[in-house]
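Morning, everyone. Please bring up the model on the screen, and we will walk through it together.

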Amino acid sequence: MRGTRVKADSRILLGHGAGGRLTHELVARSILPALDNPYLATLSDAAVLTQLPAGRPAMTTDGFVVDPPVFAGGDLGYLSVCGTVNDLCVSGARPLWLTWALILEEGLELELLERFVRGAARAASEAGVVLVAGDTKVVPRGKGDRAYAVTSGLGVVPPGRELGDQHIRPGDAVLVSGPIGDHGATILAHRHELGSDELRSDCAPLAGLIEALFAARVDVRAMHDPTRGGVATTCYETCRRGNLRIELDERALPVRREVAATCRLLGLDPLYLACEGRVLVWVSEEHAERALAALREHPLGRGAVRIGVVAEPSPGLAPLVLRTAAGGRRPLDMLSGLDLPRIC
Amino acid sequence: MCLAIPMRLVERREFVGTGEVDGVRREIGLALCSEARVGDFVLVHAGFAIGCIDEEAARETLAALARIAAEDGP
Amino acid sequence: MNDPDPWSDAGTIRALAGRIEQRARRLTRGIKLMEVCGTHTHAIARAGLRRMLPSNVKLISGPGCPVCVTPIDYMDRAVALARRADVTVCTFGDLLRVPSSRSSLERESAAGHDIRIVYSPRDALRIARAAPERKVVFLGVGFETTLPGIAAALEEAEREQLDNFLVLPGAKLLEPPLRALVEAGDVQVDGFLLPGHVSVITGSAFYAFMTDALRVPGAIVGFTALDVLSGVERLVELVAAGEARVLNLYPRVVTESGNRAARELLERWFEPVDSRWRGLGSIPRSGLALRDQFAHRDASKLDVALDPTCEPRGCRCGEVLKGAIEPPDCPLFDTVCTPLEPVGACMVSSEGTCAAWYRHERCEEHA
């Protein structure tokens with residue numbers, strides 16, 4: 001773009017972050033229209049909220065850095081709201097309010113910013129949450145990578161809901177709400193110039209799906225969203241926290257063919273690729289079928305399947321084991337370092 | 001020593017082409033496999049087609065292995 | 001959702017494992033079969049095949065992971081190149097975390113040096129085209145499978161007069177270390193699982209030296225669980241019969257004569273030189289250097305300030321690479337040397353023997 005003249009207001013300027021007139025214009029023109037709600041409209045220092053519903057409040061926060069910032073199935077804005085909503089949901093909370101802060105690089109196309117805003121608004125409306133406060137800062141060109149988002153979320157765990165890895169028992173079933181690795185494969189394929197019309201991130205807010213599970217009176221022991229590090233790392237961490245063993249069944253793992261192909265091309269394992277719209281559910285064996293039925297009734301859970309079982313803990317044995325399609329057994333570790341494409 | 005995967009050549013220009021496997025495409029160098037034609041399966045390593053795949057031989061190998069399973073299987 | 005993969009059909013695998021067990025009963029002693037290729041090591045570990053074999057048939061891993069056999073002074077030079085202000089280093093992801101004497105490419109990247117991970121030498125060409133003011137150095141490690149692609153990229157650079165594309169040659173050949181291993185005789189190898197994808201280039205006729213000079217049987221195999229097990233089955237049969245033949249069990253991609261065009265391209269760009277291998281020392285004519293007329297593409301000719309070379313203390317990668325010990329026999333394994341903090345190269349590469357053991361084989365004994 002160097003050397004070409006651009007219209008001054010088609011890109012983010014340093015002044016857009018200075019808090020003056022430009023900032024106000026930016027917020028009024030590019031952000032508020034898509035996100036408009038009574039809390040945000042006041043533009044005051046803090047959103048003063050209503051009384052929380054009964055239950056225990058739950059809070060979480062997350063930072064989002066994604067390259068590319070727009071991908072098949074989502075964008076930075078959509079992802080940043082989904083991620084925080086999902087962290088609340090898998091803790092058993094009903095998400096209510098989110099804050100949303102953006103750190104923008106000087107020179108970012110306004111059009112891209114507006115896309116993130118629309119993405120965040122869409123995710124919020126799908127999840128039934130309200131973005132009650134926000135902030136925008138601008139860093140000089142070269143000091144950031146286009147845009148980063150930070151979200152915090154507040155929700156409430158309704159009375160009577162008790163989730164946690166300490167509730168998981170040997171014999172419990174491990175379920176996943178749909179195909180694994182879609183998000184990670186979509187991002188990596190883009191970065192390594194693989195083309196596909198079929199790859200699409202699974203990025204989605206899980207509030208509705210998870211409430212459907214509770215509405216079906218499933219006794220959920222614990223839930224986690226297998227984001228960074230994928231299903232293997234999430235299960236491994238669950239084993240460690242709950243002092244458990246988990247056996248996953250390779251033949252049961254739902255992996256789309258285009259995700260499997262991406263993995264073969266780049267030398268990666270779908271078990272370690274991020275999902276952004278899937279949930280792992282631990283339920284008692286008696287509740288497993290009911291849970292699967294409830295998940296499958298929801299559009300985001302059509303592909304729900306059972307992928308493993310919780311085994312008796314035993315000090316000598318690896319905590320997480322995959323029963324391979326070939327009939328062997330392979331211990332799974334956490335993801336170590338970056339997931340790099342390899343040639344050998 | 002070397003990951004390589006079969007892809008179907010779906011398009012070719014002089015020294016480059018497009019390989020596809022299960023809905024995923026990548027540009028591949030054809031300098032090492034200039035005889036490959038559109039529609040052929042090629043073996044791709046580090047962005048280059050390094051050889052053609054003999055589909056008939058693949059079927060024969062699988063059939064021979066399946067016979068072992070049929071003879072010795074449970 | 002997935003069609004069952006016929007190449008990892010559990011029924012056929014059980015039948016093959018049963019056959020191996022039957023044939024192994026006829027063996028008069030325990031035998032060791034070496035998988036030369038790191039991708040085989042990885043495939044064996046991933047499918048959990050080692051535990052399906054009878055106790056008198058042991059699979060040992062050989063020096064076939066290009067990352068693992070790359071000597072530390074190569075990494076020192078790569079690091080030194082990356083520190084030059086005018087150099088962009090392009091590398092396969094495999095090398096990023098391999099320790100050099102005092103650093104690694106990953107650390108140099110964090111220190112602000114320009115290091116790019118590429119999937120193909122062609123990606124490095126693209127980077128060179130986009131940055132004509134920088135020297136773009138591709139780290140040219142690999143065996144016969146990878147090297148022709150590097151030569152093809154060099155050829156493309158030459159054709160386009162893309163003067164800023166260089167290669168740091170770290171090329172290794174398959175035959176010399178196999179000979180060295182067998183001839184040294186300090187590791188018993190009764191048969192070789194030969195690397196299928198190297199063989200695509202070399203052809204199956206290439207392995208005549210195994211029959212004629214080494215008198216050891218071999219099987220060229222592919223990378224699915226079925227491929228590997230059928231190789232083991234046939235090798236056990238050959239060992240029991242005392243036959244030193246080489247079988248091509250991967251005819252779907254390996255022909256007798258291999259890829260002649262690829263070999264000609266290699267021949268045009270490279271010449272054999274003595275080369276050092278981690279763990280095996282210097283082996284005559286076991287590496288490839290750029291021919292003199294292509295010195296302008298040779299990044300080893302660039303001036304750099306090298307760190308003094310020092311091998312990690314206590315690391316037994318060398319013996320692991322020869323199949324002389326298994327990873328848990330190394331005092332560093334799973335104590336100070338883990339995939340997160342690798343000391344030796346065998347722990348870094350995901351197809352390195354130590355990494356494969358750490359990830360997949362510690363199963364029921366270590367946790």
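Two residues are in contact if their C-beta atoms, placed from the backbone, lie within 7 Å. Keep that in mind. One more thing before we go on: this is a predicted model.

Start where chain B meets chain A. How many residues does the contact take from each chain? It takes 18 residues from chain A and 11 residues from chain B. On the chain B side, which element gives the most? That is strand β3 of chain B, residues 24-29, with 3 residues. Now sort that side of chain B by class. There are 7 nonpolar residues, 3 charged and 1 polar.

Next, chain B by itself. It has 5 strands and 1 helix. Read from the N terminus, the order is β-β-β-β-β-α. Why do we call chain B more spread out than a compact globule? Compare two numbers. The globule rule gives 11 Å for 74 residues, but the radius of gyration of chain B is 15 Å, well over that, so chain B is more spread out than a compact globule. The box tells you its extent. Along the principal axes, the C-alpha atoms of chain B fill roughly 50 × 25 × 25 Å. Of the 74 residues in chain B, 45% count as buried. Now take the contacts in chain B with a separation of 6 or more. Residues 24 or more positions apart account for 27% of them.

Stay with β3 of chain B for a moment, and move to chain C. Find helix α6 of chain C, residues 121-130. Its buried residues are P121(C), R122(C), D123(C), A124(C), L125(C) and A128(C). What covers them? The cover includes β3 of chain B. From chain C, it includes β3 (87-92), β4 (115-118), β5 (135-142), α7 (147-160) and β6 (165-172).

Last stop, chain A. Chain A is divided into domain 1, residues 8-157, and domain 2, residues 165-331. Taken over C-alpha atoms, the centres of the two domains of chain A are 28 Å apart.

Technical notes. Residues are numbered from 1 along each chain as its sequence is written. Chains are lettered from A and ligands numbered from 1 in the order in which they are written. This is a predicted model: local features need pLDDT of at least 70, side-chain atom pairs count only at pLDDT 80 or more; totals for chains, interfaces and linings use all residues. Helices (H or I, at least four residues) and strands (E, at least two) are DSSP runs, numbered from the N terminus. Ala, Val, Leu, Ile, Met, Phe, Trp, Tyr, Cys and Pro count as nonpolar, Asp, Glu, Lys and Arg as charged, and the others, Gly among them, as polar. A residue is buried if 20 or more other C-beta atoms lie within 10 Å of its own, exposed if 12 or fewer, and partly exposed in between; C-beta atoms are placed from the backbone. Domain bounds come from an automatic or database domain assignment. The radius of gyration is taken over C-alpha atoms; the globule rule is 2.2 Å times the number of residues to the power 0.38.
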